[in-house]
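Please walk through the fold of this protein, from its strands to its helices.

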Amino acid sequence: YKFIAKKFGTEQISAPVPCMNVINGGSHAGNALPMQEYMIAPAGAKDFVEAMKMATETYHHLKSIIKAKYGLDATNVGAEGGFAPPLLDVEEPLRLLVAAIDKAGYTGKIKICMDVAASEFYVDGKYDLGKWADKPNIVTGEELTALYLDWTERYPIVSIEDPFDQMDIKNWAHCVAKMPKHVQIVADDLSVTQKERIEWIIKEKGATALLLKINQCGSITDSFDAVKTALSDKWAVMASHRSGETEDVFIAHLVVGLGVGQIKTGAPCRSERVAKYNEILRIVEDEPDMPYGFPAWK
């Protein structure tokens, strides 16, 4: 992380908010939820150690709530450690997360992030929220934006990733224009960590944050270029794992060295996810005065 900070020119290294994927849907799960990831983000912790405590306790309260409501089988975990209960209602995961956060005693301190992965249910210019249930529920991009806006008013959502199809730039821009400033719109499928696409998105005003995946652009040097391009337009940056992972911990050093304040690397479950969190814990042990968090989420 020190080497990365020096090479990138980071002014202040920092420990990131861990954005943990705890409820799965879409192509990553066997349920009927169209949206792919519902995450908890302990933005209100005083440091990374407390953040891990808060998020892990909330994760286990969520497990208890899901078990009581949907049975033991619903607490089996997916590739990123999240639960995949048999849900159809796209809002139910948000209600479950709020209940778990409240039960853990962290209301106001833990925020919610989402990865919609809308390209997976984009059909002929519209979005089918019933795709995985074999019960068509077609909505337009404008109607989907209205749904997101409604949720941000009623739930502590601070981040929405891939809210529309990867080529539906018109609705991306419309959503950015309407969305409250504290909610970031994250480009993953839209940008694929490519400098040229990020420049195009900036021109179209289509996003406010980058999902940083090194193997999308091919090298660490290219990822630096992507981050610098994103930061040039005052975007946020969320360093990210992939669904197919090993226990390699490089992204733990990357996110600290870049000082971007956000990491997405799964639930506090499964060794290849926990390995990254443990590495950040080791780093903060060596850097006790390092700041924590993402200021816009405080």
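Ser240 stands opposite Lys264 in strand E11. Ser240 belongs to a parallel pairing: two bridges join strand E10 (residues 236-240) to strand E11 (residues 262-264). Two strands count as paired if DSSP finds at least two bridges between them. Helices (H or I, at least four residues) and strands (E, at least two) are DSSP runs, numbered from the N terminus.

This is a predicted model, in which local features need pLDDT of at least 70 and side-chain atom pairs count only at pLDDT 80 or more, while totals for chains, interfaces and linings use all residues. Residues are numbered from 1 along each chain as its sequence is written, and side-chain values use heavy atoms, with hydrogens and water left out.

**The sheets**

E10 and E11 are part of a closed barrel of eight strands, E1-E2-E3-E7-E8-E9-E10-E11, with mixed pairing. On average, neighbouring strands of this sheet are turned by 30° against each other, direction ignored. Helix H2 (residues 48-70) packs on the sheet and touches strands E1 (17-24) and E2 (37-41). The direction of H2 makes about 10° with that of E1. Contact means heavy atoms within 4.5 Å. Axes are lines fitted to C-alpha atoms, for helices over the stretch in contact, and angles run from 0 to 180 degrees between N-to-C directions.

An open sheet has three strands in the order E4-E5-E6, with antiparallel pairing. Its edge strands, E4 (122-123) and E6 (138-139), each pair on one side only. Two bridges join strand E5 (residues 126-128) to E6. Asp128 has Ile138 in E6 as its bridge partner.

The two residue pairs compare as follows.

**Two helices**

H2 also packs against helix H3 (residues 92-104), at an angle of about 125° and with axes 8 Å apart. H2 and H3 are therefore oblique to each other; the term covers angles that are not under 35 degrees (roughly parallel), over 145 (roughly antiparallel) or 65 to 115 (roughly perpendicular). Residues in this contact include His61 and Leu62 of H2 and Leu96 and Leu97 of H3.

**Glu272**

Is Glu272 buried or exposed? Glu272 is buried, because its relative accessible area is 10%; buried means under 20%, exposed over 50%, partly exposed in between (1.4 Å probe, protein chains only). Glu272 lies in helix H10 (residues 271-286). Beyond residues up to four places away in sequence, Glu272 touches Ala79, Glu245, Thr246 and Glu247.
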